[in-house]
Amino acid sequence: MGLLCKLVDAALFVFFLVIAIVAPLIDAQTFLPSHLFPPFLLDLKSWYAQEYGDYLISEKPHFFVGIVWLELIFQWPLAVASVYGIAAGKSWLNTTCLLYGASTLTSMVAILSELSLSNRASDQLLTMYYPFLGFAILALLRGLLGNSGKNITVGKRAALPRKKRA
């Protein structure tokens, strides 16, 4: 079980690191003015939208802009904290993974439902979004089952016994 947990942590570390870098640079272009970003980032996002036919990025429906706001305000700080938590072996990593996984899973269900039911999304576009659903489930499971077999101790010594009052 220890090796599996380490593999899951390594996969989540890479995923959270990518999210920590990409979210403010690429996803923020959805609602922030374009003059705030260098031209190569603008070109990268427009290339992606054209190459994969991602109409959500090019048309910016209101629900998608709201999900991007949620990602930058809530999920991005959790991704940064999770990168630190995995690297430093923090005990609160289960909590950040659980929160991130639940929030991202909810967002991905909404996005994938739109893509699937609109009949406008290609299989290539769906394969770009499905890994996010998979990592959300993985983070959720890591949050729920992360330290199920370990005893967690807080501090280095046992608590002092209390004296009884008469």
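The questions and answers below walk through a predicted model of one protein. Residues are numbered from 1 along each chain as its sequence is written, and side-chain values use heavy atoms, with hydrogens and water left out. Because the model is predicted, local features need pLDDT of at least 70 and side-chain atom pairs count only at pLDDT 80 or more, while totals for chains, interfaces and linings use all residues.

Student: Which elements does the protein have, from the N terminus on?
Tutor: Helices (H or I, at least four residues) and strands (E, at least two) are DSSP runs, numbered from the N terminus. By that rule the protein has six helices and zero strands. Written from the N terminus on, the order is α-α-α-α-α-α.

Student: What percentage of the 166 residues count as buried?
Tutor: A residue is buried under 20% relative accessible area, exposed over 50%, and partly exposed in between, with a 1.4 Å probe and protein chains only. Of the 166 residues of the protein, the buried share is 36%.

Student: Is Cys-5 buried, partly exposed or exposed?
Tutor: Cys-5 is found in helix 1, and, leaving aside residues up to four places away in sequence, it touches Arg-142 and Gly-146, where contact means heavy atoms within 4.5 Å. The C-alpha atoms of Cys-5 and Gly-146 are separated by 7.2 Å, although these residues lie 141 residues apart along the chain. Because its relative accessible area is 21%, Cys-5 is partly exposed.

Student: Which helix gives the most to the lining of the largest pocket?
Tutor: A pocket is found on a 1 Å grid over the protein atoms alone, as an open set of points where a 1.4 Å probe fits, with protein on both sides within 12 Å along at least five of seven lines, and lining residues have an atom within 4 Å of a point. The largest pocket is lined by 29 residues, and those nearest its centre include Val-22 and Tyr-129. Helix 2 (39–52) and helix 4 (62–88) are among the helices that each supply at least two residues of this lining. The most, six residues, comes from helix 1.

Student: How is Leu-17 classed by its relative accessibility?
Tutor: Leu-17 is found in helix 1, which covers residues 2–25. Since its relative accessibility is 37%, Leu-17 counts as partly exposed.
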